Structures are given as structure tokens and as C-alpha cells.
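The following note sets out numbered points for a colleague who is meeting this structure for the first time. Please read it alongside the sequence and the model.

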Amino acid sequence: MRLPPGKIPIDILKEVVFKNLGADRKEVLVGPTAGIDGAVIEIGNKNLIVSMDPITGAVEHIGWSSVNVNANDVATFGVEPAFLFSCIMLPENSEKKTVEIICAQMDSAAKELGIAIVGGHCESTPGLTNPIVVGCVMGLTDKGNYVTAGGAKSGDKLILTKSAGIEGTAILASDREQQLAKIMDPSMLDNAKKFYNQISVVRDALTAYKTGGVHAMHDPTEGGVVNGIHEIADASQLGVKVFEDRIIIEPETAKICRFFGVDPLQLIGSGALLIAAEENKTREIIESLMQEHIYAAEIGELGGNVNKRLLMRKDDSVQDLPRPASDHLWRALTRQ
């Protein structure tokens, strides 16, 4: 079986990866689980939240993205990210300048979020055509003071911050600028490149968690908003109903996706945050986010048959919620 680009299919995770996890350790409270992008380890009266992700599809902002994307995963537990390890792999014959750019981006992003870069590795790797940066972020919290993507309950409302396809829009606007300049005016293209400024969900997640009533959070990365919804539903063993017309798609995202023939709901979506919350706290959470100048909207509801996941289309038709085989970013990047 040939694997698609990006995340490997969930059935292979369950059949292979999750069956080869080394020794059992009593300190591991939450280990590898479908839909949960981090681990919880007990250390005395504290819990350590740990998450790891590679940045493979972005080039121009790879160092900056590696900090923010990994920090996002820790923040979705309701925990402030604090420490970063990184592994930087560069194509053969890369120049010192490339290392300087990546490291400067990581330094800037980490300082902005209050994260200390505490170790890692950097090498020139045979066979690579583009740099790859793998980040690992950790955060500490009081024992039990966290949520996971698997904590959603039947009847919870599903909130989405910001819009769909944020990271994918920024990547394509930056890495395919020459192509897009033919169909977008300079100001619109420049705005699209600035979507990188929206990729952090640390403030989104910590604001929502502190407001109360949050049962689960998850940031939709590979596979976009729809895959993120599947992952939170997978982890929580719930069905879901989603209203397409409540999901914001910015004009820049819509135009770029039309040009490359891809679905914005299946485009890598770092920068948005999915929140499953008690119905009676939903309005307060949205208002708290709005006070922080973070747009948020209720886009659906969790519950019912775990296999029943519906997308209520703008034209009033109903279909199964798509589950991407791979992120639509890869489709766009392979189209000339």
C-alpha cells in the first residue's frame, strides 16, 4: 500500500503505530491516541503536556511555523507552552544563511510566546529537496488541570475561531507567489501572505479554557477544518453535525483555492481552533474570544451515533462530512 502525502491514514495508525509503543510507564496518563495531538505525563503534583509536529510543506516561514504549530497543540490542552526542542534537517549543500534564517524565525516566535528553546539537533540530510523542521513543545500544569480533544460530550456545541485554511493560504501565497500574481492584485496577495500572523491559537485556547465550560479543544492542521472535526469526534467517540454556512472562508482563501482547484475546508488550517463546550457556556466563550479580538462562531453540535457525521451544505443539501485522504495543500503544490 502506497501512503498518501501528509499524515498516514488512521487505520494504519491503529493497526501498526499504536501497537508498537515500547514499555508501559505508569507516568503516562495520555499516550498516542487518534485525534489527540499530545501526551500527558505525571510528574509529582504536576502534569507535563508534550506535543511534536514536523513542518514539511512550508519553506519561507518554516522556522516560525515550527514553533507556532507545536505551541498550538500544547495550548489546546488549556496549558501554556513553555519549552521547545527542535530537529532541523537541511538539504545537502545548504548555506549558513539558511540556518540563520530558520533559527532567527524560531527565536522570534518563541520569544513572542514566552517559550524557551532548550535543545535539539541540526544536520545536512542527504536526499532532501527542502528543509524539514521537527518541533517538540512542552508545558507544565497543575495535576488534572487540562482538557484533551477526547473530552467532548454529547450535546456540546462546536465553536470555531477565525476561518478555514489559514495556514494553507499563507503557504500558497508565499511559496506560489509568482503563479498567484497572475490572478490576484498585489494588495490581496500581500494580505494572504500575512495570514501567517494568525497561525497561533495559544491566546484562543487559553482564553476559552479560562472562561470555563470547555470539554475539548483541537486545532485543525492537516486535512483542514473538516479533518479537525473528524479528529475531535474520533477522540471523543461522537457523531457531529456541521453547518457549512457558519464556517468563515476569507476572500483570499477562496480565490487561492479556486485557482488551485482545492477545497478550503480540506486545506491545512493551523490558526483556527475547534472548541467543544457546554451549551450554556457557548455564548460566554464566544464573547470572551471577541473581547480579545478573536472572531468565533458556533458551527455545529456533537453527539449521537459515532458514524453519523453530517455536513449541512449552504444549498440546504446534506452530505457525509468529508474525510480527506490527504491535505489539499499537497494537491495545490503539485499543480503548476
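**Note on salt bridges, loops and the sheet**

1. Glu 292 is partly exposed, with 34% relative accessible area; the term covers values between buried (under 20%) and exposed (over 50%), computed with a 1.4 Å probe on protein chains only. This is a predicted model, in which local features need pLDDT of at least 70 and side-chain atom pairs count only at pLDDT 80 or more, while totals for chains, interfaces and linings use all residues. Residues are numbered from 1 along each chain as its sequence is written, and side-chain values use heavy atoms, with hydrogens and water left out.

2. Glu 292 and Arg 203 meet through their side chains in a salt bridge, at 3.2 Å from N to O. A salt bridge here is a side-chain nitrogen of Lys or Arg within 4 Å of a carboxyl oxygen of Asp or Glu. Arg 203 belongs to helix H7 (residues 202–211) and Glu 292 to the loop between helix H10 (279–291) and S11, so the pair ties together parts 89 residues apart in sequence. Helices (H or I, at least four residues) and strands (E, at least two) are DSSP runs numbered from the N terminus. Arg 203 is partly exposed, at 44% relative accessibility.

3. His 293 counts as exposed, with a relative accessible area of 76%.

4. How many salt bridges does a search of the whole structure find? The search finds 17. One of them joins Lys 157 and Glu 301, whose closest N and O atoms are 2.7 Å apart. This pair links distant parts of the chain, with Lys 157 in strand S7 (residues 157–161) and Glu 301 in strand S11 (residues 296–302), 144 residues apart. Lys 157 is buried at 12% relative accessibility, whereas Glu 301 is partly exposed at 34%.

5. Arg 313 and Glu 244 form a further salt bridge, with 2.8 Å between the closest N and O atoms. Here too distant parts of the chain are linked: Arg 313 is in the loop between strand S12 (309–312) and strand S13 (318–320), and Glu 244 is in the loop between strand S9 (240–243) and helix H9 (251–260), 69 residues apart. Arg 313 is partly exposed at 29% relative accessibility, and Glu 244 is buried at 12%.

6. The loop between S12 and S13 also contains Asp 316. Phi of Asp 316 is near 75°, again a positive value in a residue other than glycine. At 71% relative accessibility, Asp 316 is exposed.

7. Seven strands form an open sheet with mixed pairing, in the order S8-S10-S7-S11-S9-S12-S13. Strand S8 (214–218) and S13 are at the edges with a single partner strand each, so one side of each has no neighbour in the sheet. Two strands pair if DSSP finds at least two bridges between them. Neighbouring strands are turned by 25° against each other on average, direction ignored.

8. S8 pairs with strand S10 (residues 274–277) in the antiparallel sense over four bridges. Within this region, Met 217 has Ile 275 in S10 as its bridge partner. H7 lies across S7, S8 and S10 and runs at about 170° to S8. Contact means heavy atoms within 4.5 Å; axes are lines fitted to C-alpha atoms, for helices over the stretch in contact, and angles run from 0 to 180 degrees between N-to-C directions.
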